[in-house]
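Take a look at the chain shown here. The report below covers its core, sheets, salt bridges and ring pairs.

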Amino acid sequence: MNNSKNELGYALITVMLIITVFTVLGFTFTAMAFNSVKQTQKVEKTSQSVALAEMGVAYLDVAIQEILKNTKIDIEGKVARKELISVPQVIDYMKSSLKIGIKNITPEQLDPNSSYSIVKDDDKIDIIAIGNLLKIRVNVTGTKVNPNSTEDAVSTLFVEMAIDNLGDIKIIKADDATAPEITFGQVTRPDVAVAAECTNPLSFANIGQSNGNNGNGNNGNTNNNIICADVIIDQPVGGIKTYTGQNDVNVEKVYSTVGLNFTGNLNNRSGLEMYAVSLQLGSNFNNPKDVVVETKHNLTIGSNVQNTDHTSFYVGGLLDINSHLDLEKSSKVFIRGKRTPAEITNNTMSRINGKLNILSGSRMCVNGDLKVKDELTIPEQYGLIIKGKVYDFSTPARVKENANIYYVTESTNKDWLKTMCGNTFDEASTLNSIEWGNLTNAVLNDVTYN
């Protein structure tokens, strides 16, 4: 009897042990299965983020080809204008333009949980010239958001692209000595003889037509002032002639083969034509009516140009106004933007150190870049036509935009441009040019998976 009870006890213990073992095994297998599912999901998310990053690489490849194409067009224009005069300068400009372009790449988000992007930190975009290669190194990320967790799957690919055959780039330099000089030709030399008193006058104070003269040199008083319709200035040769005084240029035409410097105002002029190699006004040039000013090189005005009326400025070099420029009543400013080597090196550009208002059927055409400090007002279409950009005065400079700015490109209709801006954008046949040779597009060299 006792043996039977012992056997029943042993059997019960055995059954309980078996149940316990299977229970533990069940929990273990369940945990393993749960972890396996989690690991599978994690691997799947990681695989999806890698695939997204690979899509980003493909997007980057296409975008860089477009950036390179536009950069080459930009470089060709700068080489023609002699803003880039050597192959090292071209390569440096290409590097900086590519970096700026890459930073401006903005891929679209695929869906709320899937995206790829370019890492835009300066130290993550590396563009270097090594021998015949221009290497472009960029990081591309793919992100798969996990809506049920704070741990998103992010994969980063290290991408290297290369542009080959830098050594094939050549700049063909024109012979400046034989280049035909392009000028506006709006103010011409007087075609009649000019009296000695009207050549290189010491002052404009007593030779103008608003001093009471009656046309024969006699003003009815004891003074016998000379009337000069036209004035020619050709001294000092190769220098600058300076005139002091305020608003006393009361002649019809001033034609100067040297630079001119008027230290005061030149306000309230009407019907005046003026040509000079360069022209500097110390103060305001306000209220001009039917005035034409042309310079071979730079035009510098020390203060405002306002309340213009059918007035035109033709500037062969750069325009520098130290305050506001208000163009009104069908007035215009045409700037050819020819620069000296020093101005090119220093990236000097035309500037308005105040407001720029282009109103009432007026127009401004600029061959090159323009800096404007304050507000830019252009209410009418094609008010500003520019082959370059409009920048503010900040450091680094930011681009100013306006819906009525028209940007000149290689595809701009040349006849239309001539109608709108005269020969502002004409180029001599002996401008510098660039040959790219067998320069390749950017080719994927290597993709490293993190």
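Another core lies apart from it, with 34 residues, including Leu-84, Ile-125, Ile-136 and Leu-157. The largest nonpolar core holds 46 residues, and Phe-204, Leu-325 and Met-364 touch the most other members. A nonpolar core is a set of buried Ala, Val, Leu, Ile, Met, Phe, Trp, Tyr and Cys residues joined through side-chain atoms within 4.5 Å. Buried means under 20% relative accessible area, exposed over 50%, and partly exposed in between (1.4 Å probe, protein chains only).

This is a predicted model: local features need pLDDT of at least 70, side-chain atom pairs count only at pLDDT 80 or more, and totals for chains, interfaces and linings use all residues. Residues are numbered from 1 along each chain as its sequence is written, and side-chain values use heavy atoms, leaving out hydrogens and water.

## Sheets

Eight strands form an open sheet in the order S7-S9-S11-S13-S15-S18-S21-S24, with parallel pairing. Strands S7 (240-243) and S24 (390-391) stand at the edges; each has a single partner strand, so one side of each lacks a neighbour in the sheet. Strands are DSSP runs (E, at least two residues) and helices are too (H or I, at least four), numbered from the N terminus. Two strands pair if DSSP finds at least two bridges between them. S21 (residues 370-372) and S24 pair in the parallel sense over two bridges. Lys-371 has Tyr-391 in S24 as its bridge partner.

S2 and S3 run antiparallel, joined by five bridges. Their hairpin has two residues between the strands, and Gly-131 takes a positive phi near 60 degrees there. Asp-126 stands opposite Arg-137 in S3.

## Salt bridges

The whole structure has 12 salt bridges. Each is a side-chain nitrogen of Lys or Arg within 4 Å of a carboxyl oxygen of Asp or Glu. Three of them are tabulated.

| Pair | N to O distance |
|---|---|
| Arg-137 and Asp-126 | 3.6 Å |
| Glu-160 and Lys-135 | 3.9 Å |
| Asp-392 and Arg-398 | 3.4 Å |

Asp-392 is buried, at 11% relative accessible area. Arg-398 counts as exposed, at 53%. Arg-137 is partly exposed at 30%, and Asp-126 is partly exposed at 31%. Glu-160 and Lys-135 are both buried.

## Rings

How many aromatic pairs does a search of the whole structure find? There are 11. One of them joins Tyr-382 and Tyr-406 edge-to-face, at 5.8 Å centre to centre and 70 degrees between the planes. Rings of Phe, Tyr and Trp (its six-membered ring) pair if their centres lie within 6.5 Å; planes under 30 degrees apart count as stacked, over 60 as edge-to-face and the rest as tilted. Tyr-382 is partly exposed, at 27%. Tyr-406 is partly exposed too, at 25%. The rings of Tyr-406 and Trp-416 have centres 5.0 Å apart and planes at 65 degrees, so this pair is edge-to-face. Tyr-406 lies in strand S25 and Trp-416 in helix H4 (residues 414-421), so the pair ties together parts 10 residues apart in sequence.
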